[in-house]
Amino acid sequence: MLYALSVPTQTLYQVHDAASIKSRKQFELSYPRGFTDCIQPFVCQANMAADSEGCCYWSLFSFLSFVADSGMGVVIMGVSGAGKSTIGEMLAKAVNCSFLDADDFHPQSNKEKMHKGIPLSDEDRIPWLNLLRDALRASLVSRKTMILGCSALQKQYREILRSADPNYVPGSYFSVMKFVLLDAGAEVLAARLEKRAGEGNHFMPAKLLQSQIDLLQIDESEGIVKVDATISPLVIVDTIKALFFDIYSHRGTSDESEGSTNSSAVKTRTRCPLQDQLLQRKISRDNVCNIVVATYLDRFIPNRSAMDFDYAHYMLTEGRKGKENPAVSSPSREAYRKQLAETFNMNRTRILAFKNKPPTPVEAIPHDFSGVQQSKPTKARRYIPQPQANMCLSYIKIEHPMGLTRLESGHGIVAFAIVVLNITSERTLDAPDLLDDYYLNLLDWGSSNVLAIALGSTVYLWDATDGATSELVTVDDENGPVTSVKWAPDGKHIAIGLNNSDVQLWDSTSNKQLRNLRGCHQSRVGSMDWNNHILTTGGMDGQIVNNDVRIRSHIVETYRGHHQEVCGLKWSASGQQLASGGNDNLLHIWDRSTASSNSPTQWLHRLEDHTAAVKALAWCPFQGNLLASGGGGGDRCIKFWNTHTGACLNSVDTGSQVCSLLWNKNERELLSSHGFTQNQLTLWKYPSMVKIAELTGHTSRVLFMAQSPDGCTVASAAGDETLRFWNVFGTPEVAKPAPKANPEPFAHLNRIR
């Protein structure tokens, strides 16, 4: 069997000419840090074949030459009782590497839950999987091989483990993390679990077996190796060893010595905060590196991106039924069939496509939705990049203001559908030591176009105009870590909330601390917002305090209504109403006019509709009394409120934890960031709440979002310790100056009345 790696020849040209390129991902056009001196074998390889697209193919020998330099992780997966621990330990001993048993990473609460016969939820599994990912990543970064025994039942769980590879592109399945499924029948598994329960050496009861079998999800595109778990363990180990490890023994002595020299020459580099992480660019379908498996060489490899898979599937299945089972048809029916086939371009004889067709031009002026001409010209909308869809017809996609997409073919066939787009980030920066804490607020973008982010006990400033990074302050361990940051309206002064309940005010232009606000709270300050010269702070003690930063006795009002930590604070644009959300599932609306310095202020509205913590809050920029709020993992809803009446106008179940909300300043759109289980950003059309786009790339929950001063760019920070930038809201339209009216002739002269 032949394995080959396909890469466009232009990539080979870049690699061959750039002597400084030294990493695997540079070879994939992403240029991250990574493996060294593993490109040369590709350039030197002589036995290449090219297809009609100019793609070159290298043998498995060359492909493994850079995979071997990175270390590898092999996950032995399957349901309970499949033999993951037994096979994993034997395999690790056979290849002389370390073995991790995922059961050892379960917290005691998970073990007790399973021991009682209660299946784990995603909120139980995800933190456990993140621990496993971090352990695997440490091994891969040190160029070691690790064997992991883990159930990894669903694709989303395996994606978390694949992200241990620092160079992994989510959804590509091209990773140094490999998966082996131990497959056995339910009867065999049940017998093994009963035997194990009798020995009393495991917390997993046999009655949870069926829940695991129901949860098991295998996608063939992932390339998971399936092995019969009922055969001899020695045979299983030898099979896995032959697939993933024995191939390395065929490398020559010179290659081995060179690889060892290169490995010793590599110096460990610490991660620098807010430095470009250039693996964020998701490779398009035409540029992605694909592993091609074939039984023999064929130089005429079809271009998958130009293939029509729907038509191919029809021709291979439905299209042959008429010939195999001919039915009695009238001449008129036959004529209708031919006309229909001609209209839909179904008279093609080839299923495989060997060259790309030119892209269909997009109409400059979209047709009217109703087909009736309007006297008022429609407003031109910004363009969002859209991926090619596999359709039987070549459609032009035109975004419709109602949240629908107009699909028009060259034959005049028009349809409207909801098209959810996938958008990738424009830029990615490293954010090491970012606290993965849902209740904190560690990111803000000031009016002077400077982004502030708290990483552990240090606050960094990133200037968006030139990309310069500077360190503002590092607090002591007894006071830190930093739990919240918030720019003042002037964009020069910034408030920093600390774990010890203090709030520091800093001048970012001179890098000097102006004052320290003490006595506001009894514990950490996780949320803040400004209202002119009033700094409002919310703490874990449930209190909300208004601080006038101009005066010595800074505490001027206190709001009491939350019983647990206040994790969300937002003042309305008018400065008259304050929204606060807490870990007690409560949302309060406070009126500034009723605030009192002598006694705790009574809330205007107490809203109890959310069933989990309320952190995400956003006031609508085009309707002053409209507030959007988002609930945590047990709620997952975005709710809209009329803050004058306290009425809930709408509620949308997003399917995952809502961490942050931002309104588009120029369009009626809302952006939400999410946690378990999708870890994505979603763009919604308001008020229909139709999904316009999904922004993917983060591999852990997207905890924080901040919007640039012009409203175009959004920065998101996630538990995967990356900071991503998205041009999701587009460039705002510049208002054209009103044309000057033609002056009346002789208007400058006095009229005779």
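**Exercise 1.** Which side chain meets that of Glu557 in a salt bridge?

*Solution.* The structure is a predicted model, in which local features need pLDDT of at least 70, side-chain atom pairs count only at pLDDT 80 or more, and totals for chains, interfaces and linings use all residues. Residues are numbered from 1 along each chain as its sequence is written, and side-chain values use heavy atoms, with hydrogens and water left out.

Step 1. The criterion for a salt bridge is a side-chain nitrogen of Lys or Arg within 4 Å of a carboxyl oxygen of Asp or Glu.

Step 2. The partner of Glu557 is Arg592, at 3.2 Å from N to O.

Step 3. Glu557 belongs to strand β25 (residues 555-560) and Arg592 to the loop between β28 (587-591) and β29 (605-607), so the pair ties together parts 35 residues apart in sequence. Strands are DSSP runs of E with at least two residues, and helices are runs of H or I with at least four, numbered from the N terminus.

**Exercise 2.** Classify Glu557 and Arg592 as buried, partly exposed or exposed.

*Solution.* Step 1. Buried means under 20% relative accessible area, exposed over 50%, and partly exposed in between (1.4 Å probe, protein chains only).

Step 2. Glu557, with 11%, is buried, whereas Arg592, with 23%, is partly exposed.

**Exercise 3.** Locate the salt bridge of Arg636 and describe the exposure of its two residues.

*Solution.* Step 1. The side chain of Arg636 meets that of Asp653 (3.4 Å, N to O).

Step 2. Arg636 lies in the loop between β31 (626-631) and β32 (637-642), and Asp653 in strand β33 (residues 647-653), 17 residues apart.

Step 3. Arg636 is partly exposed at 33% relative accessibility, and Asp653 is partly exposed at 46%.
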